[in-house]
Amino acid sequence: YQRRVHGGGLPAEQVEPAYTQLVECILATDMAKHAELSTELRTALTFLASLLASFTPLHPSQNAEAEVRHLRSLSLTPEEVATVGGLEFDLQKYQHQDQHPRLILLMIELFRRENIFDTFNVSPRTLLSFLLRARSRYRPNPYHNFVHAFDVTQTLFVLLQSLPGVFAPLERFVLLVTAVVHDIDHTGVANAFHLKTRTPLGITAEAVGYTSVLEVHHSNLAVELLGDPHTNVFGGLPAEQVEPAYTQLVECILATDMAKHAELSTELRTALTTGTEVAPRLAQKMLLKSADISNPTKPFAMARFWAFAITEEFHQQGDQASALGLPVDPMFDRTRADLVGSQIGFIDFLVGSHFKLMAEWRGELQFLSDAVQRNRDEWQAQRDAGAGAADPN
């Protein structure tokens, strides 16, 4: 076994997934498991079919009704049902907007697996309306778009499955809802750009005295979305859980501001060093943050895809700054692009230490740190081979 693994042709990051798939699929051929596997797939498909058959759009229009008809024509594949609960789920095929309805169905499946409908008295119709409305408020940015929202939600689901018993059911539910809306109506430019160019959002933030321009905007829109009874997935919570749910949602969205990363990391490091208990809110923030910056933990093809996406968004901001006669930071300068170098730097100066810290907090998350190192090794191999900027096509 060791000789074959060591001398095989698969790259290192594919060996463990290959063996895992092989073993799990062999075990699944036990006919004693046939009914269980068939029931799992049938439950997912039957639930979605029943929901869509009776669903009507909130604001009937030709486009809305066409969208519902399209959703009714879709069905999750066995592969989607089997892989959506793991980090190997490949989002590249869902980038085009005509694939986004499938992401809606997959999100519903993730929430179904969390048993939110019975536990928190959530109407499936309300969840579907919430997801459709949230999707409509994401802009078609290269990176901060609805696919990113799905990616963060799906990754967070995987992390929660890796930490059974760490978070209370309500915390898990709110974290998933937060992931869906954490970047809603992202404008494709950073907080500093809003403040420097005095956009309407930047002016408002400056007048009130905060710098988390986008995160406050996301929070406001999330609260607005939940304020509509048709899309309020918190509407079935008992009175004593409503305020904690909103507080967790808003505080966790605000914590995704990268300007707060060092402060939160220091807080967790201090707790671990002193042996004090990690506060629940800090744990929630750090887990959402982990999902938000998880691209380097994915299989390299996916990590590379997301690297191109964020780089293009940065360059579009740089183009806007240049058009306004403003200086362009190297990270945003299209003429100085260095994809490989930027990814190595991102891992070395932020992501690598973050996921090492998370693994120190919970050993169950060591697989994330290991994945980051594998991708860093791959980027370095490309750098050693002379790669730098590359054609995303």
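H8 and H10 are roughly parallel to each other (angles under 35 degrees count as roughly parallel, over 145 as roughly antiparallel, 65 to 115 as roughly perpendicular and the rest as oblique). The model is predicted: local features need pLDDT of at least 70 and side-chain atom pairs count only at pLDDT 80 or more, whereas totals for chains, interfaces and linings use all residues. Residues are numbered from 1 along each chain as its sequence is written, and side-chain values use heavy atoms, with hydrogens and water left out.

**Packing of H8 and H10**

- Helix H8 covers residues 124–136 and helix H10 covers residues 169–181; helices (H or I, at least four residues) are DSSP runs, numbered from the N terminus.
- The two helices pack at an angle of about 30°, and their axes are 9 Å apart; axes are lines fitted to C-alpha atoms over the stretch in contact, and angles run from 0 to 180 degrees between N-to-C directions.
- Phe 130, Leu 131 and Ala 134 of H8 make the contact with Val 177, Val 180 and Val 181 of H10, where contact means heavy atoms within 4.5 Å.

**Buried residues**

- Phe 173 lies in helix H10 and counts as buried, at 1% relative accessibility (buried means under 20% relative accessible area, exposed over 50%, partly exposed in between, with a 1.4 Å probe and protein chains only).
- Not counting residues up to four places away in sequence, Phe 173 touches Phe 111, Ile 116, Phe 120, Val 122, Val 233, Phe 234 and Leu 237.
- His 218 belongs to helix H13 (residues 213–226) and is buried, with a relative accessible area of 0%.
- With residues up to four places away in sequence again left out, the residues that His 218 touches include His 182, Asp 183, Asp 185 and His 186.

**Exposed residues and a surface patch**

- A nonpolar patch on the surface is formed by Leu 22, Val 23, Ile 26 and Leu 27, which together have about 370 Å² of accessible area.
- Patches are made of residues with over 30% relative accessible area and no salt bridge; like charges are joined within 9 Å, and nonpolar side chains (Val, Leu, Ile, Met, Phe, Trp, Tyr) within 5 Å.
- A salt bridge is a side-chain nitrogen of Lys or Arg within 4 Å of a carboxyl oxygen of Asp or Glu, and accessible areas come from the Shrake-Rupley method with a 1.4 Å probe, where for residues only the protein chains shown count as cover.
- Ile 26 is found in helix H2 (residues 12–28) and is exposed, with a relative accessible area of 51%.
- Gly 386 is located in the segment after helix H19 (366–384) and is exposed, with a relative accessible area of 63%.
- From C-alpha to C-alpha, Gly 386 and Val 340 are 9.8 Å apart in space, and they are 46 residues apart in sequence.
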